[in-house]
Amino acid sequence: MGEHYDTIIVGGGQAGLAMSYHLRQRGREHIVLERHRIAERWQSERWNSLHFQYPNWSLRLPGMACAEGDPDGFAHYPRIARFIENYASTIDAPVRTGVAVTALRRDSSSGNLEIETASGVVYARHIVIATGPFQRPLIPGFHTELPSWVYQADATSYRGPEELPSGAVLVVGSGASGSQIADELLQSGRKVFLSVSRHRRVPRRYRGKDAFWWFEKTGRLDTTIDTFPNRMYPPSTVITGANGGYDIDARRFAAEGGTLLGRVKHVVNGTLSTGDDAKQVLAEADQAYMDFVRAADAVALQPAYRGMLEEVDSRPPPAYPDDVDGTGKLNLRDANIRAIIWCTGYRFDFDWVKVPVLDTSGAPVQQRGVTPFPGVYFLGLHWMHTFKSGQLSFVGEDAAYIADHIDGRDRI
């Protein structure tokens, strides 16, 4: 028979470690199983110039804040990895690295959960799956139809402009990763095409305060998934901490020499077909920006904030042209596009979960991490409960909730 534990946590990133902290606070026996290294994705799936999207003063995990020298700066990603590693050491998390979980089942004889790993089987009353919000890149199937001379990468494997073949680059997707990568490539001197996707943009700073400060004050961080029809959350918010932090705007990208395209639909004989949705996508991003500003201005009128915020800049914002390639066709050879970076989102990777906690698309069925199957929990998913559920600095709140739920099972 294998080892038995009260709780097993799968994943040694910020979510799994925050869960470990709260279980230890409650005196609950547990182990953390990590298939590679602590904070593996921070160590091996980030491009070279990436900086954390929120200011250093906001960085924290339960019981520990990040002691960065520049509170208003944005930490380079290796610093985040070290912070998480130091956190694991500080809280003395019982992490076993190099242990890949290959299956989760219910043991019919004992009723406990059976966790199959590459080194054997272990059993637990509870399991918390904390393997991260972004697991496997979601790349369109037609990518296999692209010419062999086109270099392809995704946001987890891209490292920098210098690794790409000479020539133009197409970035597909204008969420947080795609927008930053396209901007970096453009600033490096490349000719860059950007296929835009739905996103929300916000100012990096407004009235002298960082966007993150406004997210807290306007209540955006506490917006719950249940407030959206069918629990369908909005598109990602585009923000960057690179180069000291600045506004990301696809229109500015075009004004500086980039080319905007609609959604890439398919490819035939080296020619991509694109949609006519780019202007609508940009208009929605503009509206999100104005909604942010209006919400911030409403907060600024409150007596508690009078005198502590800067006045609104009276200068009109830059009037960027509404330039979009609307031809609907893009021949890769004619455009000299030698590389494509796919920033088209992620899909869940829970094929190893063999208990009924997934819907037909493979997504977890859960309410703030609690699933219908007794003893099985998820943690750290994007929009799992609120906007901040998948954020490093706030994952501890959902971890505390799950720890309380585990405690509650003993009282039933």
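F142 and W342 are both buried in this predicted model, where buried means under 20% relative accessible area, exposed over 50% and partly exposed in between, with a 1.4 Å probe and protein chains only. Residues are numbered from 1 along each chain as its sequence is written, and side-chain values use heavy atoms, with hydrogens and water left out. Local features need pLDDT of at least 70 and side-chain atom pairs count only at pLDDT 80 or more, whereas totals for chains, interfaces and linings use all residues.

The structure holds 19 aromatic pairs, a pair being two rings of Phe, Tyr or Trp (its six-membered ring) whose centres lie within 6.5 Å, with planes under 30 degrees apart counted as stacked, over 60 as edge-to-face and the rest as tilted. One of them joins F142 to W342 edge-to-face, at 6.0 Å centre to centre and with 70° between the planes. This pair links distant parts of the chain, 200 residues apart, since F142 lies in the loop between β9 (136–137) and β10 (151–154) and W342 in strand β21 (residues 337–342); helices (H or I, at least four residues) and strands (E, at least two) are DSSP runs numbered from the N terminus.

W213 and Y305 also pair edge-to-face, with 5.7 Å centre to centre and 80° between the planes. Here W213 belongs to helix α5 (residues 211–218) and Y305 to the loop between α7 (278–300) and β20 (329–331), 92 residues apart, and both residues are buried. K209 lies over the face of W213, at 5.3 Å from the ring centre, by the criterion that NZ of Lys or CZ of Arg is within 6 Å of the ring centre and within 35 degrees of the ring normal.
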